[in-house]
Amino acid sequence: LYTEGAYSRVEKPWGYFETLMENNLSKLKLLSVFPGGKLSLQRHEKRMETWYVIQGEAKVTKGDQKLILHTGESVSIEKNQLHRLENETDNSLQVIEVQSGSYFGEDDIIRVQDTYGRAGLH
């Protein structure tokens, strides 16, 4: 099953995401992070993610590591690994997120810390 074109932009406090493609093996999203925006420090039990920076500079927390990724660079996040994506620049950050695993629902987000008061919420 391959689905495309049926998705719209989902606004978040840090920016927005658009689902570009989803099937039973993977999900592909475009993440756009506002200048100064950051996603929750989170983990997923049922999926891994790979982030490809397509515009801007990303600060990535991956477990105990802090990485800076530039356009064309990527990082993979394992299942249950704490991670966060941040934009500490004055320019927009765009990232392609490739999810793979057994489940891709937004309720598989376990938030540990959140700037926007969503920690502990799915």
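For this notebook I count Ala, Val, Leu, Ile, Met, Phe, Trp, Tyr, Cys and Pro as nonpolar, Asp, Glu, Lys and Arg as charged, and the others, Gly among them, as polar.

I am working on a predicted model, where local features need pLDDT of at least 70 and side-chain atom pairs pLDDT 80 or more, while totals for chains, interfaces and linings use all residues. Residues are numbered from 1 along each chain as its sequence is written, and side-chain values use heavy atoms, without hydrogens and water.

**Entry: the cavity**

I looked for cavities, meaning sets of points on a 1 Å grid over the protein atoms alone where a 1.4 Å probe fits but cannot get out. I found one cavity of 30 Å³ or more. The largest cavity holds about 160 Å³, volume being the space filled by probe spheres set on the points. Its lining (residues with an atom within 4 Å of a point) has 19 residues, and Trp14, Leu39, Gln42, Glu106 and Ile109 are the closest to the centre. By class, I noted six nonpolar, five polar and eight charged residues in that lining.

Strands here are DSSP runs of E, at least two residues, numbered from the N terminus. β3 (26-33), β5 (47-55) and β10 (93-101) each give the lining at least two residues, and β5 has the largest share with three.

**Entry: lysine 29**

Next I turned to lysine 29, which sits in strand β3. Lysine 29 is buried, at 3% relative accessible area (buried is under 20%, with a 1.4 Å probe and protein chains only). What does its side chain make a polar contact with? I found the side chain of glutamate 106, at 2.8 Å; a polar contact is a pair of N or O atoms within 3.5 Å, one able to donate a hydrogen and the other to accept it.

Key
On a 1 Å grid over the protein atoms alone, a cavity is a set of points where a 1.4 Å probe fits but cannot get out, and a pocket is an open set with protein on both sides within 12 Å along at least five of seven lines; lining residues have an atom within 4 Å of a point. Helices (H or I, at least four residues) and strands (E, at least two) are DSSP runs, numbered from the N terminus. Buried means under 20% relative accessible area, exposed over 50%, partly exposed in between (1.4 Å probe, protein chains only).
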